[in-house]
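Please read it alongside the sequence and coordinates shown here.

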Amino acid sequence: MEVRVANVRKEFERFPALHDVSLDIKSGELIALLGPSGSGKTTLLRLIAGLERPTKGKIFFGEEDASQKSIQERNVGFVFQHYALFRHMTVADNIGFGLKVRRGPTRPTAQEIRRRASELLDLVQLSGLEKRYPAQLSGGQRQRVALARAMAIEPAVLLLDEPFGALDAQVRRELRRWLREIHDATGHTTVFVTHDQEEALELADRVVVMSQGRIEQVGTADEIYDTPNSPFVYGFIGESSALPVKVEDGQVWIADRPIGLSAPHASQGEATLFFRPHDVELVDECNGCIAGTVAASRRVAGTRRVELEIGGERQRVEIELPVNHPAAQKSRVAFRPGRWKLFPAA
Amino acid sequence: MTTAPAKAGWRFRQPSVIPGFGLTLGFSLAYLTLIILIPLSGLIWRSAALGWADFWAIATDRRTINALEISFGTAFIAAAVNVVFGTIVAWVLVRYNFPGRRIVDAMVDLPFALPTAVAGIALTTLYAPNGWLGSLLAPLGIKVAYTPLGIVIALIFIGLPFVVRTVQPIMEEIDKEVEEVAATLGANRFQTVARVLLPGLAPAIVTGFALAFARGVGEYGSVIFIAGNLPYKSEIAPLLIVIRLEEYNYAAATAIAAIMLALSFVMLLVINLVQTWSRKRYG
């Protein structure tokens with residue numbers, strides 16, 4: 001089902017957690033809410049679930065205004081970071097809970113509920129564990145049960161709050177791939193919260209980057225990574241290097257030297273230049289380039305990361321070089337960024 | 001050639017590398033022997049001096065049976081009532097913040113601290129036919145003081161803190177997320193409480209019940225004032241023991257005591273087993 005968040009504002013005791021947030025989620029989409037802690041991503045998720053009420057604004061499920069509905073009526077599947085399984089119930093009873101509490105004709109028979117539970121257990125690859133209690137399962141297994149329980153009610157939208165946050169790296173990667181498969185198989189509209197950018201970029205159809213209660217950018221992994229639209233997104237997603245520069249006559253300057261980047265549309269004056277450390281081109285003779293002395297050099301996995309001091313103010317930036325590149329041994333390195341972007345200085 | 005694995009029988013749990021196991025176990029055993037085992041075996045030894053026939057005669061005496069029935073019956077009812085209202089009190093104290101919450105919280109402990117005789121006298125004045133509450137209930141035909149109903153009320157008063165104080169900490173640990181999940185799955189408030197929260201609290205509630213019940217069975221001070229102490233009607237077993245003692249009939253007194261001891265022990269054992277079972281299941 002489509003979910004539309006329209007101009008939502010949320011305050012906790014006068015302290016604003018979300019300022020005027022709007023977001024359209026398409027039916028069947030897998031969306032990641034990504035941001036540092038305190039960015040409001042979990043608040044947004046809880047607002048969609050109905051676990052919080054917006055101070056202002058509305059949330060639509062399809063054409064219906066869901067903000068007027070109670071949590072029970074919204075029919076959302078919610079998965080918590082720490083699973084929140086019912087410990088006194090077996091795995092099968094946990095999964096069947098949402099069906100068992102229904103009343104009237106919508107409530108399936110006990111047999112039907114059992115059948116549905118074991119079907120979902122097959123889907124989450126835990127067949128045969130119906131009779132276990134949550135205490136007898138590993139963390140990864142518990143989270144799968146929690147997901148099966150959320151899907152049992154055929155939710156309009158599936159909401160996951162840092163679903164892999166409590167698991168170790170290995171299990172995490174495995175579950176990530178698995179969640180994508182499940183999503184492709186069932187087609188539930190899914191929103192998940194994460195602070196792990198790798199998880200968000202790898203898993204989601206679209207990523208919503210949030211900071212300080214606002215949405216910074218919404219886009220596919222490619223759009224977010226290749227064309228960040230704010231200094232925050234540039235800094236938060238992937239590695240980035242920043243240098244204070246000046247724009248004059250459509251050229252970018254560091255101190256009194258042009259660095260060979262033309263910016264005809266940028267506004268004049270102080271600005272910050274952003275680029276990716278691995279996306280640089282080394283040059284031998286510095287005719288319009290950035291040059292600096294090597295201050296530190298570290299081996300990082302398959303590359304060498306070199307820290308340079310640039311210009312008289314000794315601004316430090318990082319670039320990446322191939323491990324055996326001769327320039328890494330030199331004391332002076334000159335380069336030109338490949339893809340770059342300017343933001344006016346704050 | 002395979003060797004069968006050694007049979008695991010009764011074995012001490014592997015002590016940790018931190019020293020002190022021998023010392024603390026030795027101390028605990030010596031202490032329990034001094035404080036509990038020696039007095040109790042003295043009791044049984046004294047009652048054994050009676051001989052089987054006399055013991056049986058005392059045990060099957062109508063007055064003894066009635067006293068035991070009243071003691072265990074009223075204690076059971078009072079503990080059951082306390083389970084319901086104690087759990088509600090604990091819920092209110094844990095879940096809501098209201099002015100005076102700390103005072104109410106402290107008040108729960110009063111029955112612990114108050115001399116039981118004071119409680120008994122206060123309750124008797126209240127519930128006597130010419131007392132505050134007694135005079136209101138009398139026209140309705142309800143007699144509280146000097147009946148088993150009065151005993152139940154005294155025992156409710158005495159047992160309340162046991163339930164509240166055992167349930168409260170477990171309730172504080174309830175994860176809010178579990179309730180939220182239940183709500184998103186469509187459970188209304190009543191279903192959430194009945195199917196999700198209460199089963200989680202069950203072990204603590206059973207413990208509270210056991211403590212309140214055990215205390216109720218042994219309670220003397222507050223009960224004798226309100227009970228009226230009519231033989232066969234509102235005479236509790238501990239009082240009967242005291243009566244026998246005053247008659248210098250030590251053997252009969254210890255015989256009744258031994259019966260009480262055996263009954264209490266069996267009931268607490270059963271409650272303990274129920275608890276071990278539920279712990280094993282829910283982890």
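In chain A, strand E1 (residues 3–12) and strand E2 pair in the antiparallel sense over 7 bridges; two strands are taken to pair if DSSP finds at least two bridges between them. Helices (H or I, at least four residues) and strands (E, at least two) are DSSP runs, numbered from the N terminus. This is a predicted model, in which local features need pLDDT of at least 70 and side-chain atom pairs count only at pLDDT 80 or more, whereas totals for chains, interfaces and linings use all residues. Residues are numbered from 1 along each chain as its sequence is written, while chains are lettered from A and ligands numbered from 1 in the order in which they are written.

**Sheet of chain A**

- The open sheet has 4 strands in the order E2-E1-E4-E5 (chain A), with antiparallel pairing.
- Strands E2 (15–25) and E5 (64–65) of chain A are at the edges with a single partner strand each, so one side of each has no neighbour in the sheet.
- Between E1(A) and E2(A), Phe12(A) stands opposite Phe15(A), the latter in E2(A).
- E1(A) is joined to E4(A) by 5 bridges, and these strands run antiparallel; Ala6(A) has Lys58(A) in E4(A) as its bridge partner.
- E4(A) and E5(A) are joined by 2 bridges, also antiparallel, and Phe60(A) stands opposite Asp65(A) in E5(A).
- The hairpin of E4(A) and E5(A) has 2 residues between the strands, and Gly62(A) takes a positive phi near 65° there.

- Helix H1 (residues 41–49) of chain A lies across E1, E2 and strand E4 (56–61) of chain A.
- H1(A) runs at about 115° to E1(A), with axes fitted to C-alpha atoms, for helices over the stretch in contact, and angles from 0 to 180 degrees between N-to-C directions.

**Interface between the chains**

- Contact involves 18 residues of chain B and 20 residues of chain A, a contact being two residues whose C-beta atoms, placed from the backbone, lie within 7 Å.
- On the side of chain B that touches chain A, helix H9 (176–184), helix H10 (189–218) and helix H13 (250–282) of chain B each supply at least two residues.
- H9(B) gives the most to that side, with 6 residues.

**Helix H3 of chain B**

- The 34 residues of helix H3 (residues 62–95) of chain B should span 50 Å at 1.5 Å a residue, which agrees with the 48 Å between its end C-alpha atoms; the expected span is 1.5 Å times one less than the number of residues.
- H3(B) bends by about 25° at Val83(B), the bend being the angle between axes fitted to the seven residues ending there and the seven starting there.
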